[in-house]
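Have the model open while you read.

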Amino acid sequence: MEKILVGLKRVVDYNVRVRVKSDGSGVETDGVKMSINPFDEIALEEALRIRERGEAAEVIVISMGSSDAQQQLRTGLAMGADRAILVETPEGIDPLSRARALLKIIERESPDLVLLGKQAIDDDNNQTGQMLAALWGRPQATFASKIGTAGDTATVTREVDAGLETIEIDLPAVITTDLRLNEPRYVKLPDIMKAKKKPLDTLSVEDLSIDPAPVLEETAYAPPEQRARGIMVDDVAGLVAALKDKGLI
Amino acid sequence: MAKVLLVAEHDGDTLNPSTAKCARCAADIESAEIHVAVFAEEPSAVAAQAAALDGVAKVLTVANAANARPLAAVMAPQLVELAADYDYVLGPSTTFGKDLMPRVAALLGVNQISDIMSVEGPLTFKRPIYAGNAIVTVTAPADSKLVATVRTASYSAVASGDSAPVESVDVEAEIPGHTRFVELQTGSSDRPDLQTAARVVSGGRALASSENFDIIYKLADTMGAGVGASRAAVDAGYVPNEMQVGQTGKIIAPDLYLAIGISGAIQHLTGIKDAGTIVAINKDEEAPIFEVADIGLVGDLFNVVPELTEALS
Ligand SMILES: Cc1cc2nc3c(=O)[nH]c(=O)nc-3n(C[C@H](O)[C@H](O)[C@H](O)COP(=O)(O)OP(=O)(O)OC[C@H]3O[C@@H](n4cnc5c(N)ncnc54)[C@H](O)[C@@H]3O)c2cc1C
Ligand SMILES: Nc1ncnc2c1ncn2[C@@H]1O[C@H](COP(=O)(O)O)[C@@H](O)[C@H]1O
């Protein structure tokens with residue numbers, strides 16, 4: 001395999017407890033810690049391992065978003081990616097347009113494998129990989145917990161509701177990662193220095209001339225209904241009594 | 001009239017309850033006429049179950065050996081062909097629907113609404129974002145098809161008892177050969193299914209081994225409950241992945257949920273916020289799980305759980 005393309009989305013770090021702005025106009029993202037989407041870190045780790053096994057020559061990371069996403073791309077380069085592409089887009093570009101933009105990059109780069117996360121933990125959409133595979137007319141293997149490559153095919157184990165499903169797909173293809181695929185490596189300081197010299201190309205989404213997609217309008221944001229703190233019981237007898245009280249046993 | 005097509009989820013023999021939950025959501029769309037599409041090798045048994053769902057006006061079956069397994073790349077072009085006659089195309093936000101529906105949306109040239117939790121108008125819906133920390137209202141454009149997944153934990157299943165007509169249809173869509181099913185490993189169990197069980201007992205990292213998880217199974221069996229787990233317990237290999245509850249596992253809404261030795265991380269809570277009653281057993285009185293528990297008990301699970309099992313049997 002020649003090239004693997006990996007999507008890295010810049011998202012609010014998973015440890016941040018996100019709050020809705022008091023006027024309901026969005027969520028509070030000012031000053032909060034931003035990171036690589038955790039699933040994308042796993043995707044990159046997997047790409048690096050495939051390259052380190054000698055089964056791929058080059059790993060390219062790509063992010064779509066504001067110029068701030070350079071930070072996440074630099075982290076990706078420090079983890080070991082060979083080069084990076086930033087596609088500058090307006091705030092909140094929709095998943096279909098993202099998939100169309102990725103397809104344009106695929107047309108330029110001809111990767112053998114595209115590795116994305118199964119979902120971005122901000123919008124929780126879980127769409128981009130499937131959409132990209134559809135537009136590309138290629139196989140998809142979503143929610144991967146194990147990936148093996150052999151020549152022109154990949155064998156992927158997927159975490160599905162019923163258990164573990166294994167499928168075989170022809171390459172090129174899109175694979176999206178689940179959490180148990182691997183544990184991403186830590187970035188070491190010397191790698192951060194080295195990463196500064198690696199190439200990072202910037203394009204604007206207009207350069208890619210993608211068709212405009214029908215966009216879903218987000219009209220209001222609200223906090224979820226809160227569950228109230230209930231009662232504490234002292235012992236098992238108290239628990240059984242409380243359950244009886246509620247008619248649950 | 002709004003023409004709604006639901007894609008049936010099934011295992012070849014039995015309709016998954018997620019379809020009856022989607023039917024409940026579809027019925028909230030103003031003047032909906034609901035049809036169900038069944039893709040299978042031999043669809044008749046599943047079609048009969050779908051035809052029985054309240055509110056379903058018609059069932060379309062597409063019989064094809066290629067449809068023996070639910071491969072998104074195989075099903076999507078067929079579903080797109082059927083979608084020509086519909087305004088809405090809905091699937092469940094189970095791993096089946098999450099895999100398939102965005103592929104369909106992209107082929108139809110539209111964005112997808114993921115995880116509908118309520119229908120607010122013909123084109124307006126609510127859905128959770130940021131692991132359920134915010135609920136956003138989205139409105140789809142009027143002049144395109146609407147493709148969406150339904151957050152099944154937000155809906156109860158419609159009843160069964162009707163009998164809608166079943167129509168076999170031929171589709172011309174070219175079926176790709178680039179994606180091939182190899183195998184499905186399922187932990188076969190006689191316990192109630194996690195996603196539909198009225199009671200669920202879940203264990204966390206505190207169980208510390210798969211042997212120790214036995215006390216969770218014993219309690220669950222005493223209560224007739226399904227069994228779940230936190231991600232930490234799955235990652236550590238105490239239980240298989242299909243038992244994970246949470247943002248990236250299963251989103252469930254049992255009447256009664258017992259969280260045992262689970263701290264209550266936001267990603268876990270996302271999976272249980274629609275539960276009727278949450279019981280937490282944890283030795284740390286500061287554990288965040290107690291902030292959402294209806295009944296909390298501070299104690300060592302290795303004493304409490306056997307005692308509770310005893311008290312309930
Ligand atoms: C992108 C992402 C997605 C995630 N998705 C999920 C998901 O879907 N589901 C999920 O569950 N997690 C998910 N997580 C992980 C989540 O953040 C937590 O790490 C995980 O839920 C912790 O599991 P736990 O509560 O079992 O373990 P811990 O947090 O370690 O908690 C163990 C608890 O057991 C208690 N305890 C220890 N010993 C005893 C004893 N003897 N008796 C009683 N209590 C005891 C402790 O006090 C503690 O509260 C996700 C994380 C990320 C980053
Ligand atoms: N703006 C983006 N830049 C790079 N990759 C992205 C972007 N948005 C989505 N992706 C990729 O698509 C995956 C699924 O995202 P989503 O469909 O938004 O849940 C993510 O895990 C990323 O790998």
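**Ligand 2 and its surroundings**

An oxygen atom of ligand 2 sits 2.7 Å from an N or O atom in the side chain of A:Thr128, a polar contact (a pair of N or O atoms within 3.5 Å; within protein, one must be able to donate a hydrogen and the other to accept it, and residues adjacent in sequence count only if both atoms are side-chain atoms). Bear in mind that this is a predicted model: local features need pLDDT of at least 70, side-chain atom pairs count only at pLDDT 80 or more, and totals for chains, interfaces and linings use all residues. Residues are numbered from 1 along each chain as its sequence is written, chains are lettered from A and ligands numbered from 1 in the order in which they are written, and side-chain values use heavy atoms, with hydrogens and water left out.

*More on ligand 2*

- The protein covers 99% of the 480 Å² of accessible area that ligand 2 has on its own (Shrake-Rupley method, 1.4 Å probe).
- A backbone N or O atom of A:Gln127 is 2.8 Å from an oxygen atom of ligand 2, and the side chain of A:Asn37 has an N or O atom 3.0 Å from an oxygen atom of ligand 2.
- Around ligand 2 there are 17 residues, and A:Asp40, A:Met64, A:Ala120, A:Asn126 and A:Thr128 come nearest (near: a heavy atom within 4 Å).
- E4(A) gives the most to this shell, with three residues.

*Ligand 1*

- Ligand 1 lies between chains A and B.
- Of the 28 residues around it, B:Arg205, B:Ser230, B:Thr248, B:Ser263 and B:Asn282 come nearest.
- A nitrogen atom of ligand 1 is 3.1 Å from a polar backbone atom of B:Lys283, while backbone N or O atoms of B:Val245 and B:Leu301 each lie 2.8 Å from a nitrogen atom of ligand 1.
- The protein covers 85% of the 1000 Å² of accessible area that ligand 1 has on its own.

*The sheet*

- Six strands (DSSP E runs of at least two residues) form an open, parallel sheet in the order E13(A)-E16(B)-E15(B)-E14(B)-E12(B)-E13(B); strands pair if DSSP finds at least two bridges between them.
- Its edge strands are E13 (231-233) of chain A and E13 (226-229) of chain B, each pairing on one side only.
- E12 (residues 199-203) and E14 (residues 256-260) of chain B pair in the parallel sense over five bridges, and B:Gly203 has B:Ile260 as its bridge partner in E14(B).

Notes:
Helices (H or I, at least four residues) and strands (E, at least two) are DSSP runs, numbered from the N terminus.
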